[in-house]
Amino acid sequence: MANEVLDINEAVRAYIAQIEGLRAEIGKLDATIATLRQSLATLKGLKTLGEGKTVLVPVGSIAQVEMKVEKMDKVVVSVGQNISAELDYEEALKYIEDEIKKLLAFRLVLEQAIAELYAKIEDLIAETQQTSEENVEEEENEEKSE
Amino acid sequence: MKRSPNKDIHEIINFLKSLPEGRKIYIEMSGIWVEVSREEAINFLKKKENENESCK
């Protein structure tokens with residue numbers, strides 16, 4: 001009985017560790033999604049404000065220099081692996097929106113995995129309760145027969 | 001301009017191939033973005049893929 005409980009405790013701890021790992025992944029995804037949404041909002045904002053606007057471009061972490069937005073019909077987008085490509089403004093928005101959709105779909109998969117792990121933990125807890133109830137019953141029967 | 005470093009190289013190559021002619025493409029090297037042709041970008045990615053495979 002004691003060994004069984006130890007095994008179950010170990011299994012529950014392993015599941016919890018997996019859940020924590022998945023939650024950390026979700027946290028990273030959320031941060032990336034937030035950055036992409038911010039990019040979308042900034043691009044739309046720049047487009048709305050219009051060409052010729054003065055913007056401050058950061059130079060390192062302390063300085064900023066003034067520049068003018070020359071044109072907003074092309075946007076250079078990072079496509080991964082240290083490569084960036086020039087896209088039309090609308091294409092760039094769609095590219096970023098598609099990236100967000102992909103990340104949200106992946107996030108959903110991770111959430112489902114977490115839900116499955118919680119279900120496994122609940123099964124284990126139910127199993128433990130059942131085992132302990134059976135043991136109590138067994139002990140009571142033994143006492144009665146004595 | 002940083003994004004997921006693990007994005008599949010083939011996916012990026014296909015994306016670059018799908019772009020219309022004349023689109024500017026850049027490669028980042030030690031913080032400097034260099035304008036390259038589509039072929040140069042694809043060769044860069046293929047070389048990177050070979051390096052990754054030889055490291056495995």
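Predicted model: local features only at pLDDT ≥ 70, side-chain atom pairs only at ≥ 80, totals over all residues.

Q: OK, how many helices and strands are in chain B?
A: Chain B has two helices and two strands, and from the N terminus on its elements run α-β-β-α. Helices (H or I, at least four residues) and strands (E, at least two) are DSSP runs, numbered from the N terminus.

Q: And how do strand 1 and strand 2 of chain B pair?
A: Strand 1 of chain B and strand 2 (residues 32-36) of chain B are paired in the antiparallel sense over five bridges, where pairing requires that DSSP finds at least two bridges between two strands. B:Met29 stands opposite B:Ile32 of strand 2, and in the hairpin of these strands, with two residues between them, B:Ser30 takes a positive phi near 50°.

Q: What about the helices of chain B, at what angle do they pack?
A: Helix 1 (residues 9-18) of chain B and helix 2 (residues 38-55) of chain B pack at an angle of about 170°, with their axes 10 Å apart. The axes are lines fitted to C-alpha atoms, for helices over the stretch in contact, and angles run from 0 to 180 degrees between N-to-C directions. The two helices are therefore roughly antiparallel to each other, a label for angles over 145 degrees.

Q: Which residues make that contact?
A: Helix 1 of chain B contributes B:Ile9, B:Ile12, B:Ile13 and B:Leu16, and helix 2 of chain B contributes B:Arg38, B:Ala41, B:Ile42, B:Leu45, B:Lys48 and B:Glu49; two residues are in contact if their C-beta atoms, placed from the backbone, lie within 7 Å.

Q: Switching topic, how many residues does each chain give to the contact between A and B?
A: The contact takes 10 residues from chain A and 21 residues from chain B. On the side of chain A, strand 3 (74-80) and strand 4 (83-88) are the elements that give two or more residues.

Q: Which strand of chain B pairs with strand 4 of chain A?
A: Strand 4 of chain A pairs with strand 1 (residues 25-29) of chain B in the antiparallel sense over three bridges, and the bridge partner of A:Ala85 is B:Ile25.

Q: Last one: what makes up the largest nonpolar core?
A: The largest nonpolar core has 10 residues in all, including A:Ala85, B:Ile25 and B:Leu45. Such a core is a set of buried Ala, Val, Leu, Ile, Met, Phe, Trp, Tyr and Cys residues joined through C-beta atoms within 7 Å, and a residue is buried if 20 or more other C-beta atoms lie within 10 Å of its own. Strand 4 of chain A gives the most to this core, with three residues.

Q: What does B:Leu45 touch?
A: Leaving aside its neighbours within four places in sequence, B:Leu45 is in contact with A:Gln81, A:Ile83, B:Ile9, B:Ile12 and B:Ile13.

Note on methods: Residues numbered from 1 in each chain as written. Chains lettered and ligands numbered in written order. Parallel < 35°, antiparallel > 145°, perpendicular 65-115°, else oblique. Buried ≥ 20, exposed ≤ 12 C-beta atoms within 10 Å, placed from the backbone.
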